[in-house]
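I set out to look up the ligand site and a few individual residues in this model. My entries follow the order in which I consulted them.

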Amino acid sequence: MAYTIPDISLNDGNTIPQLGFGVYQIAPKVTAEAVGRALEIGYRHIDTAEMYGNEAEVGQAIRTSDLDRSDVFVTSKLNNGFHRPDDARRAFDSTLEALKTDYIDLFLIHWPLPTRYDGDFVSTWKTLEEFQRDGRARSVGVSNFQVPHLERLAAEAEVTPAVNQVEVHPYFGNEEVRAYGRAHGIATEAWAPIAQGKVLDDPTLLDIAEQLGRSVAQVVLRWHVQRGDIVFPKSVTPERVEENFRIFDFELDDATMERITALDRGEAGRQGPNPDTFDVIPA
Ligand code: NAD
């Protein structure tokens with residue numbers, strides 16, 4: 001039987017492959033090769049960002065593959081220095097130029113930066129709405145938005161974000177943000193799905209992995225997809241990229257799902273910055 005990656009339906013009628021390949025901290029000089037390999041393995045969803053500095057190499061890998069542009073779902077994100085509408089328009093143009101494509105599947109505000117730009121991420125969001133209206137962004141969404149940020153968009157903007165890409169892994173369940181997304185039709189994308197490697201030697205996860213004859217990374221990625229979230233683990237090691245792709249040929253039972261969910265450490269489990277206070281913009 002063919003091995004297929006499920007699609008998740010977004011609130012704007014588009015779909016996104018539930019499993020993708022993340023390219024954060026993949027150096028530009030090895031990105032084209034890493035993405036090319038991921039496409040060969042079968043990944044059809046690449047998560048990049050202006051901040052990662054490797055959009056051009058992602059575009060190059062897609063063009064030099066055997067695939068059509070329309071076969072690959074590409075996400076990028078607005079960099080933190082470009083929240084003002086005119087800056088966002090220029091930055092978005094640069095993203096399309098770097099990728100050498102005339103549309104992007106999904107474009108996100110990377111961080112809300114509530115303590116910058118007079119706390120105005122709403123006009124930034126309305127600029128992304130423009131990109132969707134003119135067809136150059138098929139879907140638009142946000143990243144690292146907390147519940148009050150999402151509530152503000154609901155009150156002041158037209159379009160509900162298609163996704164919210166936030167940190168989620170067994171040590172940081174981010175349940176409140178996920179629950180808001182579920183209630184309002186916003187798909188959750190889980191970044192750092194294996195906590196940037198921190199969960200790999202967890203005794204509970206090692207025990208589960210051993211019982212199932214799977215790796216800890218596979219068990220954790222499987223837990224995410226059974227919760228309905230979208231994931232795009234990052235690795236440049238071919239065996240790991242292959243391993244992370246093989247998560248749709250086994251299942252976790254309810255008790256195992258609960259054991260993993262119970263590893264949540266709340267705020268203490270966060271690996272990345274807290275979006276309420278994070279305000280770093282490029283020099
Ligand atoms: P991750 O949880 O995917 O972990 C990556 C680390 O785990 C790497 O060191 C990798 O070598 C290792 N790893 C991967 N697969 C493995 C395996 N099978 N066995 C052992 N080790 C393995 O962390 P990440 O890269 O930070 O997150 C994934 C993606 O999420 C990023 O590439 C990026 O696309 C996105 N992201 C978004 C934001 C945001 O603010 N929106 C922030 C961070 C990451």
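**Entry 1: conventions.** I worked with a predicted model, in which local features need pLDDT of at least 70, side-chain atom pairs count only at pLDDT 80 or more, and totals for chains, interfaces and linings use all residues. Residues are numbered from 1 along each chain as its sequence is written, and side-chain values use heavy atoms, with hydrogens and water left out.

**Entry 2: ligand shell.** Helices (H or I, at least four residues) and strands (E, at least two) are DSSP runs, numbered from the N terminus.

**Entry 3: ligand nitrogen distances.** I then checked distances from ligand nitrogen atoms to side-chain N or O atoms. For Q165 the distance is 2.9 Å, for E243 it is 3.1 Å, and for N244 it is 2.9 Å. On its own the ligand has 830 Å² of accessible area, of which the protein covers 89% (Shrake-Rupley method, 1.4 Å probe).

**Entry 4: T4.** T4 is found in the segment before strand 1 (7-9). Is T4 buried or exposed? I recorded T4 as exposed because its relative accessible area is 55%; buried means under 20%, exposed over 50%, and partly exposed in between, with a 1.4 Å probe and protein chains only. From T4 to I208 there are 204 residues in sequence and 24 Å in space, C-alpha to C-alpha.

**Entry 5: T75.** I located T75 in strand 5, residues 73-78. T75 counts as buried because its relative accessibility is 0%. The C-alpha atoms of T75 and H169 are 20 Å apart, with a sequence separation of 94 residues.

**Entry 6: N80.** N80 is placed in the loop between strand 5 and helix 3 (85-99). With a relative accessible area of 1%, N80 is buried. I also noted that a polar atom of the N80 side chain lies 3.0 Å from the backbone oxygen of V280.

Notes. A polar contact is a pair of N or O atoms within 3.5 Å; within protein, one must be able to donate a hydrogen and the other to accept it, and residues adjacent in sequence count only if both atoms are side-chain atoms.
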